[in-house]
Amino acid sequence: MRRSGRAVAALLALTLPFWLANPYVLHVVIMAGIFGVLALSLNLLLGYTGQLSLGHAAFFGIGAYTSALLTLRLEWSFWVALPAAATAAGLAGWCIGRLALKLRGAYFVLVTISFAGVVSLVSINWMDLTNGPLGLPGVPPPELGPWSLRTKRAYYYLVLAAVAASCLACKRLVGSRIGRAFVALRENESLAESIGVDVTHYLVLAAVVSAGLAGMAGSLYAHYTRFVSPEVFLFTYTVTMVIMVVAGGKGTLAGPLVGAGLFTALPEALRAVTSWQWQMLAYGVLLVLLVFFLPRGIVPALTAVRRRS
Amino acid sequence: MEQLLQHLVNGLVLGGTYALLGIGLTLIFGLMNVVNFAHGEFYTLGAYAAFAALGLAGLDFTLALLGAIAAGALGGALCEVSLLRPLRHESIDTTMLVMIGLWIAMQNGELLVWGGVAKSISHPFPTAPLVLGPVSLAPLRLFVLLVAAALIAASYLLIQRTKLGRAMRATFQDAETSALMGVPIERIHTATFAFGSALAAAAGALLGPIFLAYPSMGDLASLKAFSVVILGGLGNVPGATLGGLLLGVAEELGAGYVSSGYRDAVGFLIIIVVLVLRPAGIFARAERIG
């Protein structure tokens with residue numbers, strides 16, 4: 001039953017651009033995929049090691065800028081720029097992980113926010129490198145052999161592959177010894193340490209992988225919208241990621257993807273009815289309501305309902 | 001040298017209001033164990049309350065300031081009772097998420113009510129600066145510095161000399177024992193949050209006329225308040241006062257001698273450097289209120 005369900009889902013995902021002709025809807029699906037990678041990456045830290053990063057937009061932005069600059073200035077191929085973007089973001093994640101390894105909870109949150117603040121200010125003020133607030137237009141679309149992935153349909157498959165790869169990577173990581181060490185840290189750090197879990201090592205590792213995934217999402221975003229500006233560092237992006245993970249269900253693999261789908265589609269659906277400000281207001285209220293009424297998120301709640309029936 | 005003096009004076013004016021923000025946040029953080037990411041929104045609330053009182057109700061400046069403080073206290077009390085009291089036994093992460101939600105909701109609520117265009121708050125002071133040797137200072141800025149100093153002094157008196165202050169200090173040291181001794185913890189929490197929010201609102205009403213009032217002004221205020229708290233150490237009120245003045249001066253010097261584009265980076269760098277090197281704050285000796 002479960003296997004056939006999965007096969008149907010895979011088939012739907014693979015054929016989606018052919019029966020979904022509306023390019024606007026396809027655009028929403030692509031954005032949902034990019035945010036899905038971001039939510040998965042935040043979930044590694046927040047859901048598995050229990051550390052909240054409110055600077056995730058920084059890793060996303062670093063990935064976007066790295067990829068855009070490498071392809072624009074050095075004319076590197078997208079296929080080299082993408083791993084380079086993930087590496088650059090991962091390196092930033094390593095720095096933050098090393099710096100903040102003694103800090104937990106609120107202090108870790110503050111270091112990540114401050115880091116994002118500094119990076120954002122640099123992107124605005126370092127005119128020579130980033131072109132300041134004007135941003136970098138004309139980021140080239142990826143090319144695959146003789147084909148350009150300029151069309152939405154082609155880009156959809158690229159993003160789908162990225163989501164699948166991230167999902168698989170997270171699944172393998174979480175299911176391994178490393179993932180169990182993450183959870184042990186989240187549940188009881190002193191106990192984990194006493195049985196030989198190297199706290200620093202695993203926290204830094206989680207930060208690096210998480211930042212690297214966010215950087216990859218940034219690269220995908222840059223080559224999709226073909227424009228990068230300091231707006232990629234907007235705090236709104238971080239907030240959206242947090243809501244996706246918390247609402248979907250932190251510490252689950254399906255949760256962030258469900259959250260990403262829901263919270264990319266919902267604002268677009270609401271756009272016709274309300275303005276952007278109302279949406280953000282609703283986000284804030286929703287976050288409060290979620291903590292009060294659905295503290296574990298949608299996916300764990302659904303699983304609990306299914307188990308009972 | 002003359003420039004340096006001028007930067008120092010400007011830094012103290014900013015620093016006084018940063019200290020107000022920091023004292024409020026350090027009390028809430030230290031006493032209630034709540035990471036109040038909505039703190040800056042009470043600063044914004046104060047600025048808009050002053051704007052409304054001056055522009056729409058036509059009150060004079062002092063009354064508008066008092067109105068802003070009252071609005072902050074009322075708003076803070078309301079939030080504490082409705083959002084934080086039911087979650088008092090939840091983890092610090094849970095309340096932090098709720099405060100992040102409140103932050104986003106309040107900021108966008110303000111955007112809806114007042115629109116995105118920055119509002120300038122009128123004030124009755126002459127614009128010609130007072131000149132004292134090499135230093136010139138606008139009368140408004142002098143007023144801001146004096147009021148901030150008075151409010152800081154009032155906070156000390158409240159914490160050190162009143163019954164409420166004693167109950168607050170007791171709760172900070174050991175909430176359970178204080179509760180056993182008959183301290184009404186829930187009411188102390190409400191009072192602390194209202195007091196901290198009122199100080200933030202006062203800072204907003206004071207700085208609003210110098211800069212402008214706009215919906216996202218609270219974001220930087222929150223971060224500055226956090227830098228001050230981190231500089232001074234958790235729950236350390238004198239530390240927050242000194243930390244606020246230090247941050248104000250450091251920002252002015254950074255903007256004056258390095259680059260004005262990186263003014264706000266000073267606060268961020270302070271957070272990172274202090275947390276990494278001295279997580280208990282640079283004035284840390286004993287963690288206590290008062």
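Mentor: The expected span of a helix is 1.5 Å times one less than its number of residues. Please keep in mind that this is a predicted model.

Trainee: How many residues does α11(B) have, and what distance does it reach from its first C-alpha to its last?

Mentor: α11(B) has 13 residues and reaches 18 Å between those two atoms, close to the expected 18 Å.

Trainee: Which residues of α11(B) are buried?

Mentor: The buried residues of α11(B) are B:A265, B:V266, B:G267, B:F268, B:I270, B:I271, B:I272 and B:L275.

Trainee: And which elements give two or more residues to the side of chain B that touches chain A?

Mentor: First, the contact as a whole takes 32 residues from chain B and 29 residues from chain A. On the side of chain B, the elements giving two or more residues are α4 (92–114), α9 (217–232) and α11 (265–277).

Trainee: Which of them gives the most?

Mentor: α4(B) gives the most, with 15 residues. By class, the side of chain B that touches chain A has 24 nonpolar, six polar and two charged residues.

Trainee: Let us turn to chain B overall. What pattern does chain B follow along the sequence?

Mentor: Chain B has eleven helices and two strands, and the pattern reads α-α-α-α-β-β-α-α-α-α-α-α-α.

Trainee: What percentage of the residues of chain B count as buried?

Mentor: Of the 290 residues, 53% count as buried. Among contacts in chain B between residues at least 6 apart in sequence, 78% join residues at least 24 apart.

Trainee: Now chain A. At what angle do the axes of α2 and α10 of chain A cross?

Mentor: The axes of α2 (residues 23–49) and α10 (residues 199–225) of chain A cross at roughly 170° and come within 9 Å. Angles over 145 degrees count as roughly antiparallel, and α2(A) and α10(A) are therefore roughly antiparallel to each other.

Trainee: Which residues meet there?

Mentor: Those in α2(A) include A:I30, A:L38 and A:Y48, and those in α10(A) include A:L203, A:L213 and A:Y224. The contact of α2(A) with α10(A) has 20 nonpolar, three polar and no charged residues.

Notes:
Residues are numbered from 1 along each chain as its sequence is written. Chains are lettered from A and ligands numbered from 1 in the order in which they are written. This is a predicted model: local features need pLDDT of at least 70, side-chain atom pairs count only at pLDDT 80 or more; totals for chains, interfaces and linings use all residues. Two residues are in contact if their C-beta atoms, placed from the backbone, lie within 7 Å. Helices (H or I, at least four residues) and strands (E, at least two) are DSSP runs, numbered from the N terminus. Ala, Val, Leu, Ile, Met, Phe, Trp, Tyr, Cys and Pro count as nonpolar, Asp, Glu, Lys and Arg as charged, and the others, Gly among them, as polar. A residue is buried if 20 or more other C-beta atoms lie within 10 Å of its own, exposed if 12 or fewer, and partly exposed in between; C-beta atoms are placed from the backbone. Axes are lines fitted to C-alpha atoms, for helices over the stretch in contact, and angles run from 0 to 180 degrees between N-to-C directions. Angles under 35 degrees count as roughly parallel, over 145 as roughly antiparallel, 65 to 115 as roughly perpendicular and the rest as oblique.
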